[in-house]
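Please find below a briefing on one protein structure.

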Amino acid sequence: MASAPTLQRIRAPLQRAAGASFTAARTYATVPDTPSPATANPATTPARRPTYFKNTTVASLDDFIASRDSALPATEAYTLRTAEVGPASNRRTITRLPEWLKTPIPAGNQNYKKIKSDLRGLGLHTVCEEARCPNISDCWGGDNKNAATATIMLMGDTCTRGCRFCSVKTNRKPAPLDPHEPEHTAEALARWGLGYVVLTSVDRDDLADGGARHFAETISKIKQKKPGLLVEALTGDFRGDLDMVKIVADSGLDVYAHNVETVEGLTPYVRDRRATFRQSLKVLNHVKDVRGDEGIITKTSIMLGLGEQEEEVTDALRELRKARVDVVTFGQYMRPTKRHLKVEKYVTPDEFEMWRQRALDMGFLYVASGPLVRSSYKAGEAFIENVLKKRAGEKVATAAESKLGETVVIEPQL
């Protein structure tokens, strides 16, 4: 009988031979073996994975490229279309985006590119980019540079509140304020040559004044560098601190905007719980107390499509008129991501026109209403053409009446 060391000496060469034959037979995944025609079997070839899109009635790619867009009749254009998506085991129906809400990919002209380049160079943020606004190329890259509108977002890109419709980042402790931001903002706006600018900001509940003094300093520096530039400030509610509202209102701005966002009944579900409809009304009303009814324009915005009822919108408009709000805008709520509130309804352009006319009948100075209208969308154009001209006309009429009165007094002395 062989001893244990003898068996080990015999086993070692056998193991090396077996390992060598295994290594020689191993192949690499990147160099597949090419089977001979005789050995190839089509039945064993794995089938291609089927796609889920089975609609064979659509036109070919060549037909799609060659076709030209043609205007659809209103009855067809306003009809909402649905589509089934997902695997066969989990099909679901979704509503397709209506035609009136589709916009071209923002390309922009030289003015658009210059604004974007300067923003990156100075470390500034815009709500146009942060909120993924569909009108960015239209506002930044208008044919007339003086009519273009930019919306600068002050105090960083991170908000301390978490509204359920907004895509801006949130954090309880955002980064500290940039002390050079007011100067950089004023320098950029003076360089662009815009006619109208909107300043907005994230909510900064972590600051004692909510950022009101930072806001006021920025507006003051802008007016120093370019006095003729019209400035609109779209602010938060400063947690209802009316003293902070006064600081911003007295900073030299032309339009004070604060959005109620939705009707009173939906406010707790749409906005952060620290924001209330009544608190927003107090902010807007206090601006008029500080500057007077004719001393400043106040403005707010309402989103439609969140499930609001007609009576609720009408009541909201009545409350806004009681607070002496001058301008109101209506726009379609668009869901930024799946984490945000669903769209309950796509409001048609005819309905937006109805709300525009109804608000004007209630006494608002100007109303912008449409599916793609946002609070600051073409704000300069709307303001210049509809608010300034109207007030300028009233001043001319008042001056003419005054001169006529002087003539009447002088005539008996002749």
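The model is predicted: local features need pLDDT of at least 70, side-chain atom pairs count only at pLDDT 80 or more, and totals for chains, interfaces and linings use all residues. Residues are numbered from 1 along each chain as its sequence is written, and side-chain values use heavy atoms, with hydrogens and water left out.

**Overall architecture**

- The protein has 14 helices and 12 strands; these are DSSP runs numbered from the N terminus, with helices (H or I) of at least four residues and strands (E) of at least two.
- Of its 414 residues, 39% count as buried, a term for under 20% relative accessible area, as against exposed at over 50% and partly exposed in between (1.4 Å probe, protein chains only).
- Among contacts with a separation of 6 or more, 73% join residues 24 or more positions apart; a contact means heavy atoms within 4.5 Å.
- The accessible surface comes to about 24,200 Å², and carbon and sulfur atoms contribute 54% of it. Accessible areas come from the Shrake-Rupley method with a 1.4 Å probe, and for residues only the protein chains shown count as cover.

**Met-155**

- Met-155 is a residue other than glycine with a positive phi, near 65°.
- The loop between β4 (149-154) and β5 (158-159) contains Met-155.
- Met-155 counts as buried because its relative accessibility is 4%.

**Phe-238**

- Phe-238, although not a glycine, has a positive phi of about 50°.
- Its position is in the loop between β8 (230-234) and α9 (242-249).
- Phe-238 has a relative accessibility of 8% and therefore counts as buried.
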